[in-house]
Amino acid sequence: MNRLPGDAAGDGDDELLANVAPPDWPPPVPKGRYTLLVIGGGPAGATAAHEAALLGAKVALVERHWLGGESLSHGSVITKSVFRTGRFYADMQDAEIFGATAPEVCHPDVRKAVLRARRVRQRVSQQFSAAKLKAIGVDLFFGEARFTGPDSISVDGLELRFSKAMIATGARRKPVDIPGLVEAGYLDSTTAFDVLSLPRRILVIGGGSGGCEGAQALARLGCHTIIAMSEALFLPGEERDSAAMVSQALARDGVEIHLNTTAARVRCENGCKIVDLLNDGESTTVSVDEIFVGLGREPAVAGLDLERAGIAYDAVRGVHVDDFLRTSNKRVYAAGDVCLEPKFASIAFASGRMVVANALFMRRRRFSAMTIPWCTYTDPEIAHVGMYVLEARERGIAVKTFTVQMHEVDRAIADGEEAGFVKIHVREGSGKILGATIVARHAGEMINEISLAIVTGVRLGTLAKVLRAYPTQAEAIRMAADRYRATRLNRWWRWLARAWLTIR
Amino acid sequence: MRFQPASRYSQPPWLYPKPSDQPGEAASEHAAEDARLLDALQQAAFRYFLEHVDARNGLVADASRPGAPASIAAVGFGLSAYPIGVERGWIARADAVQRSLKVLRFLTDSDQSGTPESTGHRGFYFHFLDMESGRRVWNCELSIIDTAILIAGVLTAASYFTCPDAGERELRSLADALYRRVDWRWAQGAGQALALGWKPGHGFMNYGWQGYSEALILYALGLGSPTHPLARESFDAWTMTYQWENLYGYDLLYAGPLFIHQLSHAWIDFRGLQDRFMREKGCDYFENSRRAAYVQREYATRNPLGFVGYAADCWGHSACDGPTAPAMDINGRRQPFLGYAARGAPCGPDDGTLAGSAALGSLVFAPEIVLPVVRKLAALDRDDAGRRVLASGFNATLAGEAGGIWVSPGQIGFDQGLLVMMIENHRSDLIWGLGRANLYIRSGLQRAGFEGGWLSRRRLWRR
């Protein structure tokens, strides 16, 4: 049942399963009370289990389905592989700009693209392999975990006891309740990669980062793509300039964007899916061949019998945790998508590691003190780290943003990748970096430098002193730092410098 | 031009161009020609408010194209333009009073029930009204910002027509009543900041103003209302979303389209006026708009997308009309065209369409860089010098049918009104003077926390 449906023969899925869910995995014999018992083998759970086992703890990991979680199976890795195909195809159409002629016949081969993505996933799955976890001493159980008491769970009838446990069950897709949608049929992130041919017209419902990324990739592969989002603003969580830049990019790729729009009803007619869209009380109808639903995910808290362990939770926020990621049961912690917002793999990795420190080594690491970069993988990408300007202003911090447009950066001009900007938010006067937003083709790579600066307390003035290879796109950060230094050079310093140069 | 921004390296604030950077001899060389050109453009723009008006109710059309509905913003601009026409001798004072009275009477008696076919609700008006009946068209929203533009015009007329005769007295009392009946507080909806609009049967449109925008005038009027004043916190809630940025080496409160930096300045003289945010940054909104013009010029000079015609003396991205042609390959890149849209620089959107009127709207802030644009655009259309400036937008990248560039047909009331007023403020300070004299605006600005400039001069003098 773990097998991918569709045409999966000979593309390495057996090897994938051997890594993430070996078919004949003998359940280990429980070794008494575990120091750390982890429920869920996604990014948070696998990281925590790995880390704790390396440090010598007695660790059990319970996984329901596949190791690696949503991120590996249908999330980050496989989607990014397909986006790469979309980007390549878009680049090929821009061949003329770079002095080449695009081939006369240039069709995206979706089948090959999907098979490539699956091969990529198989490669990446090696990092989460069951054998590796076993080798470092993790007791790996496959099955459904349920709490049976404050310090015990059962896995398919097998009783496991723990002194500390961590819930990392992640999140599941939100159920859809659009009338007629189930009857008409639709794709979601699980089934999208089973499709081996491209629909002519597709409607994407849901405008989160995933919906936007997917819509752009589909449009680039030649699909007429319509995206309908209930939010009144495009990517409402992002700063307006960044969101506007990405919405322009999507529009340029031919994506039709409907803001403030919900799908009211779906019906089938002559093999087409007819969808009624509702915007501010006004109804419009679109006719498409396929519908993709990406309405976000909700914490996977069902079926764990959390009440028996005295763990507070609700369906929206998931498991309730304090700043140290401890639940209302002081033996039990939680990490990743099941309790945290936003739901990103990088946060899951970091929070899993944090739980090991807090639960086993009496550390007092706070989630709120973590510096978390994240990225939306549209083209250009939006990457963000630290505070937004609004957050800083609400805390009464005088904040100033240093902006460098990518079209000012030599390498970006040379690469023909001029869309976007680097915005670094600093505390006015001190150069302390509060956060940054980067919109650029490689924004996700560039944000890490700012992340490092924030974690280590390096100020913007110091970043001006860091030499970078020239020409590179990350030079934009140096240029922002130079601008900061220029604003520090006030009349008084200028007078002092002149005076010195005169008497020297 | 003496000053060239050196944004590639560094630009400390003391290197920012100052108004005194205008090249001396060059200015006097062009002075006579500029004055003539500005007068001609201003008069041509003013003519819009004589020609595209309904004779019965005084409503002003949104655009010059046939069949266009009335827009309440255009009405506000019309009411603000008539005093200028009187001062310049383009219209008789009695005629101006009659025209203003006609529309004020219409607004006073209009259907304020808020039903889908009414004219307004709670003192606000629907964005677009039928030219004849004055009722809502196009299923449009009850527009908060456009009502503010209308009311600003209403108050300007009341401040100008101060004669004691019956007509002007009636005008003043109608204007006062119209302002007093606007329920600004209601427009806050559930949140602190003002909503954008409201639709009958649907309620408030579910997003408010975020970031710096043209809404300064709206808050000044809302906070100054003697009857339904906004809470002071509403202004703070809005300014909380500001972002102070260093762009191309200039420190400024950024907004992409130029009209955002211009609209409120048509009525209010912001020179030296500082609210809490601007005090913290050591700037004021006038200086900010000036820097915005420089940023726009810098963007056009760089012209990263390689559009035709962009130059240091040809810039101006704003909300304007543009071509609706299907997407085209430009420099190997697929370029869609946006039609009527808010264009901005440097973060876009940009489809090669510039608005001459947008550049000219910044005349009062940075004449030294705006006048070269006006001269160039005027020289390009020799037979009809105002064509490119007065049109809502032009696109030199997209060739029109005749082989020439694409120019937006006709005119839009919003642009024409802003032009008439901004040129006037540059020439004579007439409208700013009326704004300074208006006690509602003064009190609104003071409640928003503004100090300095003409606000404090008057206070000193009173003491």
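**View 1. Strand 23 of chain A and its two partners.** Ile382(A) stands opposite Val439(A), a residue of strand 23 of chain A, in a model that is predicted rather than experimental, where local features need pLDDT of at least 70, side-chain atom pairs count only at pLDDT 80 or more, and totals for chains, interfaces and linings use all residues. Residues are numbered from 1 along each chain as its sequence is written, while chains are lettered from A and ligands numbered from 1 in the order in which they are written. Strand 20 (residues 381-386) of chain A runs antiparallel to strand 23 of chain A, and six bridges join them; two strands pair if DSSP finds at least two bridges between them. Strand 22 and strand 23 of chain A form a hairpin with five residues between them, and Gly429(A) in the turn has a positive phi of about 95 degrees. Strand 23 (residues 433-440) of chain A is mostly covered, with eight of its eight residues buried; a residue is buried if 20 or more other C-beta atoms, placed from the backbone, lie within 10 Å of its own, exposed if 12 or fewer do, and partly exposed in between.

**View 2. The surroundings of Leu218(A).** Leu218(A) has its place in helix 8 (residues 209-220) of chain A, and it counts as buried because 26 C-beta neighbours lie inside 10 Å. When residues up to four places away in sequence are not counted, Leu218(A) touches Ile202(A), Cys223(A) and Thr225(A), contact being defined by C-beta atoms, placed from the backbone, that lie within 7 Å. Met229(A) is eleven residues from Leu218(A) in sequence, and the two are 17 Å apart in space, C-alpha to C-alpha.

**View 3. Chain A and its domains.** Chain A holds 16 helices and 23 strands, and its domain assignment gives domain 1 (13-173 + 298-369), domain 2 (181-295) and domain 3 (380-491); such bounds come from an automatic or database domain assignment. Between domain 1 and domain 3 of chain A, the C-alpha centres lie 32 Å apart. The C-alpha trace of chain A spans about 85 × 65 × 45 Å along its principal axes, and 45% of the 504 residues of chain A count as buried. Among the contacts in chain A with a separation of 6 or more, 66% are made by residues 24 or more positions apart.

**View 4. Where chain B meets chain A.** Contact between the chains involves 34 residues of chain B and 35 residues of chain A. On the side of chain B that touches chain A, the elements giving two or more residues are strand 8 (244-247) and strand 12 (333-335) of chain B, and strand 8 of chain B gives the most, with four residues. Three bridges join strand 21 (residues 399-405) of chain A to strand 8 of chain B, and these two strands run parallel, with Thr401(A) standing opposite Glu245(B).

**View 5. The two domains of chain B.** Chain B is divided into domain 1 (45-242 + 431-463) and domain 2 (285-427), and the C-alpha centres of these domains of chain B lie 27 Å apart. In chain B, 21 residues of domain 1 are in contact with 15 residues of domain 2. Helix 1 (24-51), helix 2 (72-88) and helix 15 (430-437) of chain B each supply at least two residues of the side of domain 1 that touches domain 2, and the largest share, seven residues, comes from helix 2 of chain B.

**View 6. An open sheet in chain B.** Three strands of chain B form an open sheet in the order 14-15-16, with antiparallel pairing. Strand 14 (353-354) and strand 16 (405-407) of chain B are the edge strands, each pairing on one side only. Strand 15 (residues 394-399) of chain B is joined to strand 16 of chain B by three bridges, and Phe394(B) has Val407(B) as its bridge partner in strand 16 of chain B.

Terms used. Contact = placed C-beta atoms within 7 Å.
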